[in-house]
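Subject: Structure for you to look at

Hello,

Here is the structure I said I would pass on. Please open it first, then read the notes below.

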Amino acid sequence: MPMMRGMMVQRMDRMDGPMGMMSPRRVEGRIAFLRTELKITDAQQPAWNAFADALRAEARSMQDMRQRMTGQGRGMPMAAMP
């Protein structure tokens with residue numbers, strides 16, 4: 001079982017979700033890239049900010065889940081769950 005858990009942790013470390021947006025390490029860069037590519041106008045800025053905030057929240061949520069699953073967070077690691 002420890003070997004499987006180690007493999008799962010390695011796999012989760014590489015997972016970044018669609019277009020790399022789920023990784024907190026990459027989310028700000030991805031937001032900036034998308035904003036530039038989409039040529040967000042001043043009129044679109046409020047909607048863009050809401051979208052960017054949603055991406056940030058999702059990245060934090062995924063990071064929290066990864067930490068719980070690998071035993072690095074406050075919660076119980078998966079291997080210890082009943």
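A residue is called buried when its relative accessible area is under 20%, exposed when over 50%, and partly exposed in between, using a 1.4 Å probe and protein chains only. This is a predicted model, in which local features need pLDDT of at least 70 and side-chain atom pairs count only at pLDDT 80 or more, while totals for chains, interfaces and linings use all residues. Residues are numbered from 1 along each chain as its sequence is written, and side-chain values use heavy atoms, with hydrogens and water left out.

Overall layout

The protein chain has three helices and zero strands, in the order α-α-α along the sequence. Helices (H or I, at least four residues) and strands (E, at least two) are DSSP runs, numbered from the N terminus. Of the 82 residues in the protein chain, 24% are buried. A contact here means heavy atoms within 4.5 Å. Of the contacts between residues at least 6 apart in sequence, 53% join residues at least 24 apart.

How α2 and α3 pack

The axes of α2 and α3 come within 10 Å and cross at roughly 155°. Axes are lines fitted to C-alpha atoms, for helices over the stretch in contact, and angles run from 0 to 180 degrees between N-to-C directions. The angle makes α2 roughly antiparallel to α3; the classes are roughly parallel under 35 degrees, roughly antiparallel over 145, roughly perpendicular from 65 to 115, and oblique for the rest. On the α2 side, the contact is made by V27, E28, I31, L34, R35 and L38, and on the α3 side by Q45, W48, A52, L55, R56 and A59. By class, this contact of α2 with α3 has eight nonpolar, one polar and three charged residues. In that count Ala, Val, Leu, Ile, Met, Phe, Trp, Tyr, Cys and Pro are nonpolar, Asp, Glu, Lys and Arg are charged, and the others, Gly among them, are polar.

The core

Which residues form the largest nonpolar core? There are eight: V27, I31, L34, I40, W48, A52, L55 and A59. Both α2 (27-38) and α3 (45-70) supply at least two residues of this core, and α3 gives the most, with four. A nonpolar core is a set of buried Ala, Val, Leu, Ile, Met, Phe, Trp, Tyr and Cys residues joined through side-chain atoms within 4.5 Å.

Residues to find in α3

W48 lies in helix α3 and counts as buried because its relative accessibility is 8%. Leaving aside neighbours within four places in sequence, W48 is in contact with I31, L34, R35, L38 and I40. The C-alpha atoms of W48 and I31 are separated by 9.5 Å, with the two residues 17 apart along the chain.

Q45 is also in α3, and at 19% relative accessibility Q45 is buried. Not counting residues up to four places away in sequence, Q45 touches R35 and I40.

M62 and S23 are 39 residues apart in sequence and 7.7 Å apart in space, C-alpha to C-alpha.

The loop between α2 and α3

K39 is found in this loop. Is K39 buried or exposed? K39 counts as exposed, because its relative accessibility is 65%. K39 is not a glycine, yet has a positive phi of about 55°. Most residues other than glycine have a negative phi.

Regards
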